[in-house]
Amino acid sequence: MFELSVALKYLIPRKKQLSVSLISALSVVVISLVVWLLIVFLSITEGIEKNWLHKLTALNAPLRITPTEHYYNSYYHLIDAHSSSSQFTLKTIGQKLTAHVSDPYSEEEDRELPLRFPGPEKNSQGELIDPVKQAFALLSALKKQQPDLTFQDFELSGALMRLQLLRQGMNQEHSQSYLTQASYLSSIPYASPALSHLILPSSEKDLNHLIYLASHTTEYSREDAPHLTLSAATDKMNKRLLALLSTSTIQEMQSTSYRFSLPEGFLPENISFPCIARSNGTTFIDVVLPTDRSAPCNGSLKRTSQGLHFEDANGRAIPLSSRVPVYVSGPIRFQVEDMVIPERLQALKDIQLTGKMTVQNHELKGTLPWFQLEVVKAKFHSDSRSITLPEEKETGVFLAKHFKDNGVLLGDRGYLSYNCATASSVQEQRLPIFVAGFYDPGILSVGNRCILVPDFVTQTINASSSSFNLDKTQSNGLLVWFSDVHEAEHIKTILQDQFKQAGIDSYWKITTFREYDFAKDLLQQFQSDKYLFALVGVIILIVACCNIISLLTLLVNDKKKEIGILQAMGASNYSVARIFGFCGVCMGLLSCLIGTSAAMITLYYIDSIVHLLSILQGHDAFNTAFFGGSLPNHLSSHALKFIFIVTPLLSLCAGLIPALKACRLRPSEILRSE
Amino acid sequence: MNKSLVLSARNIGKKFLTPTPLEILKGIDLDIFQGTSTAIMGKSGEGKSTLLHILGTLEKPTEGELEICQQKTSITPLHELRKHHIGFIFQAYNLLEDYTTLDNVLLPAKIARQPTHPGSPAYQRALLLLDQVGLSSRLHFLAKLLSGGEKQRVTIARALCNDPDLILADEPSGNLDHAHSHAIHHLLLELTKHHCKTLIVVTHDRELASLCDQIFLLKSGNLSLSDGIL
């Protein structure tokens with residue numbers, strides 16, 4: 001296109017047009033900076049919002065179906081309390097789903113219903129309407145049309161959690177503390193497709209703790225005397241350790257004591273190791289090899305075919321008895337190449353580790369028993385999120401990651417305490433648990449105080465306890481997941497229509513994640529922030545694009561003669577205007593490309609940049625509790641669309657003002673004056 | 001053979017109001033027929049260039065009516081007339097200095113949205129014209145590197161590129177020495193004759209004027225046919 005080729009020719013910097021070139025470069029730089037800032041900010045905020053939405057909908061589901069007051073006051077719900085086949089106990093939604101009959105009441109067997117008891121609501125066939133089974137059936141039908149749809153019932157409860165934190169010190173001593181917290185219990189959302197992403201991966205620290213716990217029995221430990229903690233029975237320990245060690249491959253270990261006892265076979269022959277040998281005047285007590293060669297020593301240790309020798313400062317070689325222990329001072333790292341586990345494992349010491357370590361710049365190879373060593377590097381097999389002790393009599397629960405930050409480790413045991421009213425008194429009941437993992441609660445309504453438990457736990461506690469009074473219209477219901485959370489409103493409408501057709505709409509309230517009380521304000525705030533910043537961004541862009549006006553006005557003055565020539569050759573005013581319009585758009589597009597490239601580089605190195613900012617500030621630049629472990633670094637497609645539409649458009653508008661000026665030039669005057 | 005009317009001016013007048021009111025052209029009537037060459041002579045400041053610009057639709061007259069190739073300038077878009085019917089040759093060459101010789105010649109074709117890629121008719125014509133003006137060896141030279149005489153040859157080729165009906169030349173040899181002027185005059189006249197174009201040239205140069213078919217004198221805003229030469 002003729003106009004575009006002329007515009008590009010004008011924009012290429014030339015020596016003769018230094019001022020135009022400088023202003024042009026400055027304009028592009030300013031717009032690029034704004035584009036960079038906008039893309040980085042919008043990408044990060046969108047990423048954070050997406051992460052939050054992901055966490056919110058992973059646990060709470062994008063759609064929630066909860067029973068209404070009508071459900072709880074209905075014959076269908078209340079009848080279980082009057083029916084012997086329901087053991088005179090109200091049922092949860094999960095129990096209602098698995099119940100064999102919708103109406104368990106039998107006039108022959110059960111007592112007469114109270115006078116004001118609500119009557120049964122029946123369908124056109126005269127059968128009792130079963131809102132739970134019908135709701136599940138409708139969801140199952142919807143799943144056939146939308147295969148990514150998953151659903152399950154949920155239940156909330158509450159109990160007092162008490163955890164025993166049994167720990168081992170540097171010198172193999174035991175210590176223990178207790179952690180008590182009133183907690184909400186939520187049934188584990190197994191149907192959530194994103195659940196596995198919320199469970200934090202296990203670490204080497206967890207593995208060490210589990211290995212320690214495997215050889216101890218905690219159920220009989222005394223709160224006042226942790227040193228009396230009993231060793232676990234051999235069979236049990238054997239089973240536990242074998243199960244644990246099969247979950248990972250240990251790659252590197254580190255000594256736990258400040259002096260590591262070095263087996264004799266590790267020392268290579270005829271190499272002198274500077275050492276400190278202590279003696280009581282007649283015999284040697286021990287020999288210590290510093291890990292660093294430059295440490296002060298009183299001689300050197302050498303292994304020959306005749307055994308170990310100590311060479312003192314005078315060069316005198318003194319043979320050492322095999323009973324003199326040889327230590328390496330400081331923590332040493334042992335790279336494990338092979339591990340031999342005996343079939344009958346009595347203790348960790350029975351496991352033989354083959355590998356190498358570096359002492360005084362020499363590589364020492366050999367085999368040693370697992371003693372005073374802890375794992376520092378391990379490769380976890382396929383699913384590192386589930387290394388736990390084989391479940392015994394305790395129930396595995398998932399705690400919020402806040403507990404992990406406060407010292408709770410995988411495998412810690414304890415119990416859930418709740419009250420149970422009996423005929424004569426209120427008794428405390430304890431349900432033993434162990435920590436099976438940690439999860440990221442995101443913006444869960446009860447946040448860090450929520451424990452994920454198997455559904456029988458909530459059912460048991462709710463059936464017997466009255467300690468926690470939760471809003472019953474919120475504590476039991478159905479959760480529905482699907483891959484695109486933005487379809488929530490659409491699916492809600494479909495379900496509402498189907499529930500209405502089935503006559504169960506009065507039993508259920510359907511809410512999307514945007515209506516959740518605990519998330520509504522935050523999501524609205526996110527939206528407002530985004531719009532506000534986009535507005536600020538557009539204003540900054542307008543200011544930046546104003547540079548284009550001054551540049552192109554200068555360019556029009558500079559190119560007057562050429563404009564006149566083009567007009568004399570037959571170029572229309574529109575054609576001349578297009579040249580300068582193209583100049584503006586080209587600059588806008590060039591700035592977009594530069595700004596986007598810079599933004600991509602920034603997002604790629606966002607962690608390093610945040611790290612640098614943190615160093616400069618002296619504290620974390622971004623709160624991990626709020627922003628997560630690392631800032632999102634995906635380029636936002638919305639931000640790109642916004643930038644690549646708005647910037648060239650604004651640049652075009654900026655180019656139009658000088659373009660109008662160019663149009664109004666009279667070729668006769670220009671050519672005459674030239 | 002009846003020659004068709006290429007340009008017809010009726011009662012053309014031009015007044016400038018600033019800095020002081022001045023009527024520079026008064027009731028000019030002019031008919032120019034196809035294939036003729038016309039010289040307009042006059043003293044400096046008499047309005048020769050203004051008249052040429054009005055005839056070339058670069059400037060509007062204060063009064064009067066102009067027809068180019070039977071199209072009234074009052075109702076036809078002026079840029080369309082310039083694009084298809086008029087070619088300009090300026091005293092100051094008015095080439096695009098950062099473009100090559102070939103690009104300058106192809107410029108009117110590009111403005112007229114004709115294909116200008118190698119092998120296209122416009123491209124072939126540009127090559128032919130540059131050959132005819134003797135610049136085949138300077139096709140890819142930047143215009144700013146050419147001499148004055150070469151630049152004027154390029155403007156002649158450019159003026160002919162779109163095959164216009166009317167060539168308007170404003171002091172085509174004003175910036176050239178005598179030897180180059182002589183060559184340019186002959187080239188201009190020969191080419192316009194060769195391509196059957198109508199030429200109107202504004203000049204002080206009697207030699208160039210004498211080569212034209214008719215000479216008009218512009219004096220005190222009035223245009224009159226010189227009876228001394230024809």
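Biologist: How many helices and strands does chain B have?

Modeller: Chain B has seven helices and ten strands, where helices (H or I, at least four residues) and strands (E, at least two) are DSSP runs numbered from the N terminus. This is a predicted model, in which local features need pLDDT of at least 70 and side-chain atom pairs count only at pLDDT 80 or more, while totals for chains, interfaces and linings use all residues. Residues are numbered from 1 along each chain as its sequence is written, and chains are lettered from A and ligands numbered from 1 in the order in which they are written.

Biologist: What makes B:Leu7 count as buried?

Modeller: A residue is buried if 20 or more other C-beta atoms, placed from the backbone, lie within 10 Å of its own, exposed if 12 or fewer, and partly exposed in between. B:Leu7, in strand E1 (residues 5–16) of chain B, has 23 C-beta neighbours inside 10 Å and therefore counts as buried. Of the 230 residues of chain B, 49% count as buried.

Biologist: Which residues is B:Leu7 in contact with, leaving aside its neighbours within four places in sequence?

Modeller: With contact taken as C-beta atoms, placed from the backbone, within 7 Å, B:Leu7 is in contact with B:Leu30, B:Ile32, B:Leu55, B:Ile68 and B:Leu166. B:Leu55 is 48 residues from B:Leu7 in sequence, yet their C-alpha atoms are 8.1 Å apart in space. Across chain B, residues 24 or more positions apart account for 70% of the contacts with a separation of 6 or more.

Biologist: Why are H3(B) and H5(B) called roughly parallel?

Modeller: The axes of H3(B) and helix H5 (residues 148–161) of chain B cross at roughly 30° and come within 7 Å, the axes being lines fitted to C-alpha atoms over the stretch in contact, with angles from 0 to 180 degrees between N-to-C directions. Angles under 35 degrees count as roughly parallel, over 145 as roughly antiparallel, 65 to 115 as roughly perpendicular and the rest as oblique; H3(B) and H5(B) are therefore roughly parallel to each other. Residues including B:Val105 and B:Leu106 in H3(B) meet B:Val154, B:Ala157, B:Arg158 and B:Cys161 in H5(B).

Biologist: Why is H3(B) described as largely enclosed by the rest of the structure?

Modeller: Eleven of the eleven residues of H3(B) are buried, so this helix is largely enclosed by the rest of the structure. Its buried residues include B:Asp103 and B:Lys110, and the cover includes helix H1 (2–11) and helix H15 (560–568) of chain A together with H2, helix H4 (121–132) and H5 of chain B.

Biologist: Which part supplies the largest share of the side of chain B that touches chain A?

Modeller: The contact takes 18 residues from chain B and 15 residues from chain A, and the largest share of the chain B side, four residues, comes from H3(B).

Biologist: What is the largest nonpolar core, and which residues have the most contacts inside it?

Modeller: A nonpolar core is a set of buried Ala, Val, Leu, Ile, Met, Phe, Trp, Tyr and Cys residues joined through C-beta atoms within 7 Å. The largest has 113 residues, and those with the most contacts inside it are A:Ile39, A:Cys583, B:Val105, B:Ala157, B:Leu168 and B:Ile200. A second, separate core of 64 residues includes A:Leu353, A:Trp370, A:Phe403 and A:Cys450.

How values were computed: Two residues are in contact if their C-beta atoms, placed from the backbone, lie within 7 Å.
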